[in-house]
Amino acid sequence: MPEVQITVAVARVLREFLSEPSADRYGYDLMRAISFPSGKLYPILAKLVRIGWLIREREKTDQGEVGRPSRFYYRLSPNGVELARYELALLNEQLAPATNGLGFLRP
Amino acid sequence: MKGALALAVTVGVLLGSLLWATITDMFKDELRTRLGRLPYWLIRMASLRIPAGADSDLVEEWETELDVILHDTEGLPLTWLLRGVTFAADLLLRGAPAAAREMGAGKTANGLAPVLASDSKGAALPAWSDLFPEGRDIFYEGNDPVGFVRQIQSEFGFSPASDPRWGEHIDGDGLSFTSHSFYCPSEHLDAIYGNNRFPVGS
């Protein structure tokens, strides 16, 4: 099984990546999207990169054109997409309220 | 005599005021410049908490993100300071030590930490057969289903086309397509599903 404990914080990061699995995401954009401070987000990103769920690469831009050094972006790896979906589904299943087998009532 | 003294006092007060105003301005400039460097200094301090040799591009990433964070706060020095210090101080106090622990977790036999290196990906991935010990239904999404069946048959000894769902025609609301779904036994999952040779998805 994965060498990562799927905490609520990790799950929120994964869910954000899964909202657009092929998108390149930057640290600050992620901080704003999930309201995580830097000290909480970057260790999670480092962990997910280490186990291979995220790919981290430097953007290919010309510093002269964009007026700043190139940033580093993160993207789910192909295996990361599958494993993240699997782990979130598993977490969702574990957190679902127990039923008595009769189902739910809805208005 | 009194008039000369009063003039001297007035000139003295004016010169003193001018000198005081100049020193105050210099002090403000000095403080502004030093406070302006504070977020970057905090990130430099954070880098000291990360194992030597592994921190270079992580610190570069943080500094670049800091540039982006501060970019739209020009002319708002307090916002600039607050955002910058919040970002950098949190990295110093929490982010860098936790990232350092991650690097420790990724140490190899030679003591080097490959954390954040893209070539470390996949190192700790579980096998698909562990995740799906009963096998898994998967979909073929390429343009050569016949060639794919032939390849799987010759290499793994079973035919996806023998699955009744292979080649199934799906009719939806104004949408119809042919689906190529098949059951893949657990023992072949890693070779087929986790193998980029085949255009397989789900």
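I take contact to mean heavy atoms within 4.5 Å. The model is predicted, so I keep local features to pLDDT of at least 70 and side-chain atom pairs to pLDDT 80 or more, while totals for chains, interfaces and linings use all residues. Residues are numbered from 1 along each chain as its sequence is written, chains are lettered from A and ligands numbered from 1 in the order written, and side-chain values use heavy atoms, without hydrogens and water.

**Entry: chain A overview**

I looked up the elements first. Helices are DSSP runs of H or I with at least four residues, strands are runs of E with at least two, and both are numbered from the N terminus. Chain A has 5 helices and 3 strands. Along the sequence they run α-β-α-α-β-α-β-α.

Next I checked burial. Buried means under 20% relative accessible area, exposed over 50%, and partly exposed in between, with a 1.4 Å probe and protein chains only. In chain A, 50% of the 107 residues are buried. I then took the contacts between residues at least 6 apart in sequence; 55% of them in chain A join residues at least 24 apart. Chain A exposes about 5900 Å² (Shrake-Rupley method, 1.4 Å probe). Carbon and sulfur atoms supply 50% of that area.

**Entry: α2 against α3 in chain A**

Which residues of α2(A) meet α3(A)? From α2(A) I list Gly27(A), Tyr28(A), Leu30(A), Met31(A) and Ile34(A). From α3(A) I list Ser38(A), Leu41(A), Tyr42(A) and Leu45(A). By class, this contact has 7 nonpolar, 2 polar and no charged residues. Ala, Val, Leu, Ile, Met, Phe, Trp, Tyr, Cys and Pro count as nonpolar, Asp, Glu, Lys and Arg as charged, and the others, Gly among them, as polar.

Helix α2 covers residues 27–34 and helix α3 residues 38–50 of chain A. They pack at an angle of about 115°, with their axes 10 Å apart. Axes are lines fitted to C-alpha atoms over the stretch in contact, and angles run from 0 to 180 degrees between N-to-C directions.

**Entry: aromatic pairs**

Rings of Phe, Tyr and Trp (its six-membered ring) pair if their centres lie within 6.5 Å; planes under 30 degrees apart are stacked, over 60 edge-to-face, and the rest tilted. I get 9 aromatic pairs over all chains. One of them is Tyr26(A) with Tyr73(A), edge-to-face, at 6.4 Å centre to centre and 80° between the planes. Tyr26(A) lies in strand β1 (residues 25–26) and Tyr73(A) in strand β3 (residues 72–76) of chain A, so the pair ties together parts 47 residues apart in sequence. Tyr26(A) is buried at 16% relative accessible area, and Tyr73(A) is buried at 9%.

In chain B I looked at Phe148(B) and Trp166(B), a stacked pair at 6.2 Å centre to centre with 15° between the planes. Phe148(B) sits in helix α5 (residues 145–156) and Trp166(B) in strand β2 (residues 166–171) of chain B, so parts 18 residues apart in sequence are tied together. Both residues are buried.

**Entry: Thr73(B) and chain B**

Is Thr73(B) buried or exposed? Thr73(B) is buried, with a relative accessible area of 2%. Its place is the loop between α2 (56–71) and α3 (77–105) of chain B. Beyond neighbours within four places in sequence, Thr73(B) contacts Thr79(B), Trp80(B) and Arg83(B).

Chain B has 6 helices and 4 strands. Of its 202 residues, 36% are buried. Its accessible surface is about 12400 Å², with 60% belonging to carbon and sulfur atoms.
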